[in-house]
Amino acid sequence: MRFDVLTIFPTFFDGFLAHGIVRRARERRQVDVAVHDLRDWTYDRHRIVDDRPYGGEDGMVLKPEPIFRAVEALTHHQPNPSIVLLTPQGRRFDQAAAYRLSQSSQVVLICGRYEGVDERVAQYLATEELSIGDYVLSGGEPAAMVVMDAVIRLRPDVLGSPTSAQHESFQTGRLDYPVYTRPARYRGHAVPAELLTGNHAEVELWRRRAALRKTLCHRPDLLADPTRLDDTDRRLLT
Ligand code: SAM
């Protein structure tokens, strides 16, 4: 799969691309990420990408022309690209959206700045608008990194073990179980005894109960639908 990121600050992504799972996935050619300077699609001497909003008000708005040109040039060979405008006004990005995008062969991420992006990009160019949460960032770049990171780890063979992603939070409809490592006792706080038994069934049961309790405590909304709980879940919760 391929990501094309449109931004006025391409170097923003240098650190992101140079580390961890994302770097490894690129090196193994499991994913291709190209970061593009939006100004490369301007034709004026000053490479202007923004202008004042119609109707007055402070701030600037990203102009439609460079964005339309860039997206059309980058996607003309793809039958069904996902063209994502990052905006706080979009639908909330979640694990289901990450999974859906991970099935796409090309995802274009448009990063806004200033007061936002001319609305015609949302209406006539983007295939969807995504928000990473109910807060306002200064630009779409951190949101683009969030989306890429979440999507890339869902691509086949990107994570070390094929089952790694399967038990993660949200993938299962609940939060992941808590994890511990050595030492078994730290500042008087012990690792739960069940995890030290070496008994696989006991460990699994502890993890299931701990995941349920954590979900109930932090995200009860995830368990609101009773059909999501089976008899073992109900027993573990009592
Ligand atoms: N005036 C806009 C509003 O209130 O909806 C906010 C513009 S924001 C300062 C500038 C850019 O940051 C947006 O165009 C968008 O690309 C990005 N951005 C800000 N918050 C975001 C969020 N929660 N999710 C995704 N992108 C966001």
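Two residues are in contact if their C-beta atoms, placed from the backbone, lie within 7 Å. Among contacts in the protein between residues at least 6 apart in sequence, 74% join residues at least 24 apart. The structure is a predicted model, in which local features need pLDDT of at least 70, side-chain atom pairs count only at pLDDT 80 or more, and totals for chains, interfaces and linings use all residues. Residues are numbered from 1 along each chain as its sequence is written.

**Overall form**

The protein has a radius of gyration of 22 Å, while a compact globule of 238 residues would have one near 18 Å. This radius is taken over C-alpha atoms, and the globule rule is 2.2 Å times the number of residues to the power 0.38. The C-alpha trace spans about 70 × 40 × 40 Å along its principal axes. Eight helices and nine strands are present; these are DSSP runs numbered from the N terminus, with helices being H or I of at least four residues and strands being E of at least two.

A residue is buried if 20 or more other C-beta atoms lie within 10 Å of its own, exposed if 12 or fewer, and partly exposed in between, with C-beta atoms placed from the backbone. Of the 238 residues, 25% count as buried.

**The five-stranded sheet**

Five strands form an open sheet in the order β2-β1-β6-β5-β7, with parallel pairing. Its edge strands, β2 (32-37) and β7 (128-131), each pair on one side only. Ignoring direction, neighbouring strands of this sheet are turned by 30° against each other on average. Helix α6 (residues 141-152) packs on the sheet and touches β1 (2-7), β2, β5, β6 (106-111) and β7, and its direction makes about 160° with that of β6. Axes here are lines fitted to C-alpha atoms, for helices over the stretch in contact, and angles run from 0 to 180 degrees between N-to-C directions.

Strands of a sheet pair through backbone hydrogen bonds, either parallel or antiparallel. Two strands count as paired if DSSP finds at least two bridges between them.

| Strand pair | Sense | Bridges |
|---|---|---|
| β1 and β2 | parallel | six bridges |
| β1 and β6 | parallel | five bridges |
| β5 and β7 | parallel | five bridges |

Thr-7 has Asp-37 in β2 as its bridge partner, and Asp-4 stands opposite Val-108 in β6. Leu-86 is bridged to Leu-130 in β7. Strand β1 is mostly covered, with five of its six residues buried.

**Two residues compared**

Ile-83 lies in strand β5. Ile-83 counts as buried because it has 21 C-beta neighbours inside 10 Å. Not counting residues up to four places away in sequence, Ile-83 touches Val-71, Val-108, Leu-125, Ala-126 and Thr-127.

Pro-192 is placed in the loop between β9 (189-190) and α7 (200-218). Pro-192 counts as partly exposed because it has 14 C-beta neighbours inside 10 Å. Its C-alpha atom is separated by 8.9 Å from that of Trp-206, 14 residues apart along the chain.

**Around the ligand**

The ligand is surrounded by 20 residues, the closest being Pro-88, Gly-112, Leu-137, Gly-140 and Ala-143. A residue is near a molecule or strand if its C-beta atom, placed from the backbone, lies within 6 Å of it. Strand β5 (residues 82-92) gives the most to this shell, with four residues. The shell divides into nine nonpolar, nine polar and two charged residues. Here Ala, Val, Leu, Ile, Met, Phe, Trp, Tyr, Cys and Pro count as nonpolar, Asp, Glu, Lys and Arg as charged, and the others, Gly among them, as polar.
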